[in-house]
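Here are a few friendly notes to read alongside the model. Have the viewer open as you go through the points.

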Amino acid sequence: MELLPQILINALITGSLYALIAVGFSLTYGVLKILNFSHCHLMMAGAYLFYLFFVELEFGIFSSALCTIAASVFLASIVFFLFIRPFEGRSILLPLVSTLGCATILESLVAIFFGVNVKSLSGDWISESIEIGSIFVTPLQLLIISTAIIISVVLAIILQFTPFGRQVRAVAERATAAESVGITPVRVRFTVFSAAVLLTILGGILVGFESNLTPTMGQSFILKAVAASVLGGLGNVWGTLAGSFILGFIENIAVGIDIGGFSLPASYKDSFAFFVILFVLLLRPNGIFSMRRRSV
Amino acid sequence: MEYGIHLCILVCIYLILAQSFNITLGLGRLLNLAHVAGYAIGAYVTAIGTTTGDMGLFTAIIASSFTSGLLSLLLGGIALRLSDDYFAIGTLAFSSIVSALLINCKGVTNGVLGISGIPRPKIADFELLNNSSFLFLVFAITFVCLAIIYILFSGPFGRALRAQGENRSALLALGRDIRLMNTTAFFISSSFAGLAGSLYAYYINYVDPSSFSFSEMTLLLTIVIVGSPGSFWGCIGSTIFLVCIPEPLRFLDIPSYLVGPMRQLLQSVILVLVVWLNRNRLFSLTREV
């Protein structure tokens, strides 16, 4: 129990990372109506591209960031126009299978070009621990938390108060009606998809700095993204943000607490997401923040 | 010759695995991402049974199939009430739980180190030590399994399942119990996956969690889709094609750590290409009359 403040901070950090990754996944489902299983593999690919620019080619941090943004938009376009767009209006299974295939292609390409060994992004000032009261944080971790908060606020403002945000909400709600008032659904979908991919790649880069990069990290994070989104309600941005922090909280508390000498081994940490998914699907498939009791 | 026997055994194991996946995905249009979990459970049951216990061949096979089937009933209870997108999520989560349990329950499964030294099967004290005799056994078992699956495909159960996949509400209107039918299909499909896992354990003599990963799932998906979902003979052809096509990569002059990813790349590119080329006919919402 003495560790509680530290556990809470860790929960906040984990939750922030999950928030950055999951919000894009949820938004993609809400607007494009597909489960993009290649979401976290795109995150992995983007993080590796940043690694390529920052570590291997040794560009400065700003140039690397710009190059990564450009490359990510290019990657998002390829994925959108080759793996998602051709299957609109057909069976739901097609984009599911296609994105699974895309994910595997990305994973094998990264493994071929970068190797399967673990890579790490590092910076000197980022990793020094600061002590605040009884908790230890690094500047990187504070950066992660503040990025998540800023992005959430910006996203909320855009979706709620700008004309483009209204277009997004219109297409998410009823694309045919949106089309009849002059909105081009394809353009909106593409922009949302690219934004989602960029956000998740940002999350991936922060994960690279915080821990490390491996080609299989897409497989591990997709379940966290799915868990956070399902918990908060797929398509519901605020719900997904809340769900990410709840998930971070559950994971850190469950392996952190020590009831009378019995504690869970840390290796079970990742399993909670899976149980959360099944639990939510059993009881409240639309997410715990949804008022709908529609059968799923 | 040894290499040829190895390929044949592998093809037979994948035939059982892929055809059982064809039942749920091809006929029922249920994307069961936990199929590899059934495969893994079958392999581990055989591994544990023959190393710590002393199971004979038939006991091990039946135990493996039955355990996989039971677990699929658990999965079906949760997942079969959900629609397409959420169904995929539920089965993916279940698959990951099985994977996490295999890695973490070190007392039973030996964690990431896996279980080695699985003996070759014994039929009445006669051990099938060399690969050719094992091939005969696997071939016989595969033949029986495929015959059962063929009867399933072409009989009334297969027809009903196919109808359920194409138009669920129409079948409900005809008064069929869809939940029972899907649960049965799941059970049968998982049992065969467990059986294939058992054969895998007997052949490779070593099981570990990494052989049952996400990429196995995409391989199965590729096989069923390339072989036209719901088609018995198509699936047989595509299994042979997709298991054998990456083999020439072994003989090229590339470093060994690249062989795995290149194999994966080849198979997933084939998947996406076939899906893209067949996008109008695959899982179509209406059928040409």
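1. A definition to begin with: a nonpolar core here is a set of buried Ala, Val, Leu, Ile, Met, Phe, Trp, Tyr and Cys residues joined through C-beta atoms within 7 Å. Please keep in mind that this is a predicted model.

2. With that in hand, the largest nonpolar core has 177 residues. Those with the most contacts inside this core are A:Ala47, A:Ala227 and A:Ile277, together with B:Ile13, B:Leu17, B:Ala40 and B:Ala196. Helix H1(A) gives the most to the core, contributing 15 residues.

3. Leaving out residues up to four places away in sequence, B:Ala196 touches B:Ile13, B:Ile16, B:Leu17, B:Tyr39 and B:Gly42.

4. How do H1 (residues 4-32) and H2 (residues 39-56) of chain A pack? Their axes are 10 Å apart, at an angle of about 135°, which makes H1(A) oblique to H2(A). The crossing of H1(A) and H2(A) is right-handed. On the H1(A) side the contact is made by A:Ile21, A:Gly24, A:Phe25 and A:Thr28, and on the H2(A) side by A:His39, A:Cys40 and A:Met43. By type, the residues of this contact divide into 4 nonpolar, 3 polar and no charged.

5. Finally, the two chains: 38 residues of chain A are in contact with 39 residues of chain B. On the chain B side, the elements giving two or more residues are helices H4 (84-104), H10 (214-226) and H13 (256-277). The residues on that side of chain B comprise 26 nonpolar, 9 polar and 4 charged.

Notes: Residues numbered from 1 in each chain as written. Chains lettered and ligands numbered in written order. Predicted model: local features only at pLDDT ≥ 70, side-chain atom pairs only at ≥ 80, totals over all residues. Axes fitted to C-alpha atoms, helices over the stretch in contact; angles between N-to-C directions. Helix = DSSP H or I, 4+ residues; strand = E, 2+ residues; numbered from the N terminus. Parallel < 35°, antiparallel > 145°, perpendicular 65-115°, else oblique. Left-handed = near helix turned anticlockwise from the far one by under 90°. Contact = placed C-beta atoms within 7 Å. Nonpolar A, V, L, I, M, F, W, Y, C, P; charged D, E, K, R; others polar. Buried ≥ 20, exposed ≤ 12 C-beta atoms within 10 Å, placed from the backbone.
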